[in-house]
Amino acid sequence: MTGKYKNVAVFGLGFIGLPLALSFSMNGKKVIGVDVSEELIRELNSGITHHLEEYKGTKIEEILKKQLRENNFEATTDAEYALEKCNNVIVTVGIPVAEGGKLHIEHLESVSRTIACNLKKGDLIVFRGTLVPGFMRDFIKPILEESRLEAGKDFYLGYASERVAEGKAFEEFENMPTLVSGINEKSIRETTGLLEVITKADIIPASSFEVVETAKVLENISRDINIAMVNEFAKFTRALGIDIFEVIKVANTHKRVNLLNPGPGVGGYCIPNAFYYLNAKGKELDIDLELSSMARKINKDTPVRVAQIALEKLTSKPEESKICILGMAMKDYSSDDRLSPAFDVIKTLQEKGVDVAVYDPAISNEYDYLVEDINKALKDADGIIILAKQEDINLKDLDRFKEMLKDNNPFILDTKNVYTREEVETKGILYESI
């Protein structure tokens, strides 16, 4: 690999940016990670991260500490410093979505303007977040060219969609085929060369930014639609009195069927937001995305349905009841609680007056209802809702659950297919599935 890829700046050190930055540093590159959070920067430079990623058996915190010791990685809030030191820049900053589907592009605009103010001839700028189709050409490129440098001539501009799953980031940066686009062929070649530092899988060039932007959004929406379908099926099977997980298991024996499992909803940053990115462009094009819209509504409403099932199982008035929730991350074995379905489950229960106690040792954020001791969460609860699996939550400890719960018809609402009805009910606990 040529020396021109020696120094890399990564903007945004979240669940994608940090593993990406460390992937480059582990491959011998000098990496400067940039983020606006001073607290995050202090933690990272002290070797602290709350992420649960690992690479070949080594946890991300150990990787971080080693890369700091070897001076291959540093974190800073000083964007100008990073841009002065590095000719290769990767931006992982995303587009948050507010209630009602409003896109907040301020962070993406800010980082683009910061780069424009410090852009040098010959720099390579690569964006790796999920974008509204058309954003690279119509929004980001004009901002960068306010530098009076021309994309494709004075600097290289590329877009490579991020396709990794949290918990598998290192492995998938290395082994997931990567889609690449650029403002011209030179930009595609430079972007490909940079990504070849960390990627062993195929790097696939596309004809335009718009192709890769749209492909990324469709990848996420396809999962939203598939999950919505089985969440809708779960309502049917529950009314019929059969188990949705068993139905899916036997249906998937068909060689051309691959149903996903239902769950308490769809959380995280990628899948729930993808519809709103596509819909923003759809409105501009006067296109009505009916299927995608309905799927998003089904998945958004699912946490409320989960809470309602739990409310129906209470033998006391809601305001005299307590429910324990185990796992509040947006998915299993994650420390990410962004847009987690748990929030809507909790909100619905609390609005009915239920005392909610949540236990999830992987979550570093603080909430009034989040407790540090599982026994405190379980004690005198009327029931348990399983919303996410975690390594440090022993969900099979049914004897302890029975001992800690109230005696009056306690229940477990299993949204993650952890149990069979028999193993729960032989312990004297009612079993409920979604």
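1. F170 is buried, with a relative accessible area of 2%, where buried stands for under 20% relative accessible area, exposed for over 50% and partly exposed for the range in between (1.4 Å probe, protein chains only). Y55 has 18% relative accessibility and therefore counts as buried too.

2. This is a predicted model, in which local features need pLDDT of at least 70 and side-chain atom pairs count only at pLDDT 80 or more, whereas totals for chains, interfaces and linings use all residues. Residues are numbered from 1 along each chain as its sequence is written, and side-chain values use heavy atoms, with hydrogens and water left out.

3. Five aromatic pairs are found when the whole structure is searched; rings of Phe, Tyr and Trp (its six-membered ring) pair if their centres lie within 6.5 Å, and planes under 30 degrees apart count as stacked, over 60 as edge-to-face and the rest as tilted. One of the pairs joins Y55 and F170, whose ring centres are 6.0 Å apart and whose planes stand at 55°, so this pair is tilted. Because Y55 belongs to strand β3 (residues 54-55) and F170 to helix α7 (residues 169-175), the pair ties together parts that are 115 residues apart in sequence.

4. Y367 and Y369 also form an aromatic pair, here a stacked one, with 5.6 Å from centre to centre and 0° between the planes. Y367 is partly exposed at a relative accessible area of 25%, while Y369, at 13%, is buried.

5. The chain contains 16 helices and 16 strands, taken as DSSP runs (H or I, at least four residues, for helices; E, at least two, for strands) and numbered from the N terminus. Of the contacts with a separation of 6 or more, 73% are between residues 24 or more positions apart, a contact being heavy atoms within 4.5 Å.

6. For 434 residues, a compact globule would have a radius of gyration near 22 Å, and the 24 Å of the chain agrees with this; the radius is taken over C-alpha atoms, and the globule rule is 2.2 Å times the number of residues to the power 0.38. The C-alpha trace spans about 70 × 50 × 40 Å along its principal axes, and buried residues make up 54% of the 434 residues.
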